[in-house]
Amino acid sequence: MAKMSLDDLRKLRDEKKGDLRKRDAEGKEIQVIVGMGTCGIAAGAKQVLDAFIVGLDENKLVDSCLVRQTGCMGLCHSEPTIEVIVPGMPPVIYGMVDTEVTKEIIQKHIIGKELLGQYILDRPAVDILGSK
């Protein structure tokens, strides 16, 4: 292995600090929980997880949003599945999520505070949404 210069070490340290900051749950109100059971992984959950991490980086949401994994959500027929928890909104489980849907969830649900009805598997009760 080649020797690293002091600048290389500083760059590596800053990069790793950024990676650790993404995993830190403290102070993060928004959560994205990706179902990573075997059925989810087979359906593309790893790509969805990676897309969320990249998308949140691009939208500078790393300090307010936590992306984490869970096991099977029991919705194998609709994998990949994710749960999105945003303050002031009901928790929602989305199904059939791919990398394109990930971008839409970030823009419309997390940033725009708008539910994406066509992907919702576990729909919040009408009284929670405040509908008539």
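**Notes on the predicted model**

1. L12 lies in helix α1, which spans residues 6–23; helices here (H or I, at least four residues) and strands (E, at least two) are DSSP runs numbered from the N terminus. Please keep in mind that this is a predicted model, in which local features need pLDDT of at least 70 and side-chain atom pairs count only at pLDDT 80 or more, while totals for chains, interfaces and linings use all residues. Residues are numbered from 1 along each chain as its sequence is written, and side-chain values use heavy atoms, with hydrogens and water left out.

2. With a relative accessible area of 34%, L12 is partly exposed, a class that falls between buried (under 20%) and exposed (over 50%), judged with a 1.4 Å probe and protein chains only.

3. The largest nonpolar core has 25 residues, and among those with the most contacts inside it are V32, V34 and F52; such a core is a set of buried Ala, Val, Leu, Ile, Met, Phe, Trp, Tyr and Cys residues joined through side-chain atoms within 4.5 Å. The largest share of this core, 5 residues, comes from α3.

4. Leaving aside neighbours within four places in sequence, V34 is in contact (heavy atoms within 4.5 Å) with residues including A45, L49, V67 and I82.

5. The structure holds 0 disulfides, a disulfide being a pair of cysteine sulfur atoms within 2.5 Å. C39 is in no disulfide, and the nearest cysteine sulfur, that of C76, is 3.4 Å away. C39 is partly exposed at 21% relative accessible area, and C76 is also partly exposed, at 45%.
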